[in-house]
Amino acid sequence: MDRLLIVFVDALGPQQWASSRALRAVAENSRALSGVPGFSSGAIATLLTGQPCARHGRLCLFSARSQGAPRSPLDALAWLRWVPPVIGERGVVRRRLARWLAEREGLTGYVALHRVRPEDFRWLDIPERDDVFESDSIGGWPTFLGDARARSLSVFAARWALAEDTRWEQAFSVLASKRPRLSMLYASELDAVLHQEGPSSRAAEAVLDRLAERVARARDILASDGAQVRTVLVGDHGMGAVRRVIDPSLISERGDLRAFVDSTIVRLWGSERALAAARLAADRARWPARWLSREKLGAWGVGVEGSPWGDAWLQINEGAIFAPSHVGGRVAGMHGYGPDAASSAACFASDAAIDESVVALSSVAGWVRGQTERWS
Ligand SMILES: [Zn+2]
């Protein structure tokens, strides 16, 4: 192999690969990789570093501020408390605010404010501040892209922040002019359409067809001088169908606890007594959800002692979501149900036989390093 083309596809699960004839034609071998808890920010960090969340420190978009943290970029939004919610919480306003915040604070990572209330910005933080593809390390752990750059290999990493079409056009043009040894492309539109329409839909089919075309074009560009190109597609998770919506306000609106509601997890911070009362309330309501023990979270690679991710986790079961939440409302598809849920598996697909060592999201980085080390 002379060149390695990796296409990272947000929400490419085994089901999505299997449903697309076009995608199977460009990468006929596939394996389901076991995923990670939380959302894409944790999964991408694990993919790039090979480390669990407890090490690289990424899991969800928002964490609690650590004790004595000097400041958070979110401090720049303190004034939002004086803006009426009917204006300040509108989607279009939130998207503009996120762009303004990123520019003002020099953030190149993924910044989204969703529906987080202004008063919560005082105790929340955003761990992802740098472009994960450009950074050579995440939370102090080297990425395979950083390792390849350190060994002076030619590396191209997609600019994630560009719009989908522009990002692909830019990638085609760089691939044609530089023909890098290692290319990491990024496709984001599948996740969006699966959230909106559910795991299997006509709209998703069209996105997968377009993706297959683009992957084939990238591969053909890299192979146009006769080089041997290996193509790999990898997702961060799949997508589950949403059939039930649970309003979490019974435990998330208690005055004696801090709460952050992602679509599938309620994370709580507070005294043992307040947490016990919240547990009792949720258990009485018989929600389709489970409280995650410290042991469980530890086994999932999430640090629990002094963790910024909450003192207690209520994880909803696959098939349901919490809404309203801090990140959105009702949708047709969702992920983030914990590594033991079917929708958490990520697809790894290739045009060559898949190495036995590749079994989890955390084993991809080691495999890529093994491939690229042969070149230097
Ligand atoms: Zn998503």
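**Close-ups of a predicted model**

**View 1. Strand E8, side chain by side chain.** Leu-182, Met-184 and Tyr-186 head off one way from E8, while Ser-183, Leu-185 and Ala-187 head the other way, and all of them are buried. This is a predicted model, so keep that in mind for every view here. In a regular strand, side chains alternate between the two faces of the sheet. E8 covers residues 182–187, and with six of its six residues buried it counts as mostly covered.

**View 2. The strands paired with E8.** Which way does E1 run relative to E8, parallel or antiparallel? Strand E1 (residues 3–9) runs parallel to E8, and six bridges join the two. Look for Val-9, which stands opposite Ala-187 of E8. Strand E7 (residues 155–157) pairs with E8 as well, again in the parallel sense, this time over three bridges. Ala-157 has Met-184 as its bridge partner in E8. To get from E7 to E8 the chain passes through helix H8 (residues 164–178), and this β-α-β crossover is right-handed.

View 3. H10 takes in residues 202–223, 22 residues in total. From first C-alpha to last it reaches 32 Å, close to the 32 Å expected at 1.5 Å a residue. Its buried residues are Ala-204, Val-207, Leu-208, Leu-211, Arg-214, Val-215, Ala-218, Arg-219, Ile-221 and Leu-222.

**View 4. Leu-97 in helix H6.** Leu-97 sits in H6, which spans residues 91–105. Is Leu-97 buried or partly exposed? It has 19 other C-beta atoms within 10 Å, and a residue needs 20 or more to be called buried, so Leu-97 is partly exposed. Leu-113 is 16 residues away from Leu-97 in sequence, yet in space the two are 7.8 Å apart, C-alpha to C-alpha.

**View 5. Where the domains lie.** The protein chain is split into domain 1 (3–55 + 136–240 + 340–373), domain 2 (66–122) and domain 3 (243–330). Between domain 1 and domain 2, the C-alpha centres lie 30 Å apart.

Terms used: Residues numbered from 1 in each chain as written. Predicted model: local features only at pLDDT ≥ 70, side-chain atom pairs only at ≥ 80, totals over all residues. Helix = DSSP H or I, 4+ residues; strand = E, 2+ residues; numbered from the N terminus. Expected span 1.5 Å × (residues − 1). Buried ≥ 20, exposed ≤ 12 C-beta atoms within 10 Å, placed from the backbone. Domains from an automatic or database assignment. Pairing = 2+ DSSP bridges. Right-handed = clockwise from strand over helix to strand, strands pointing away.
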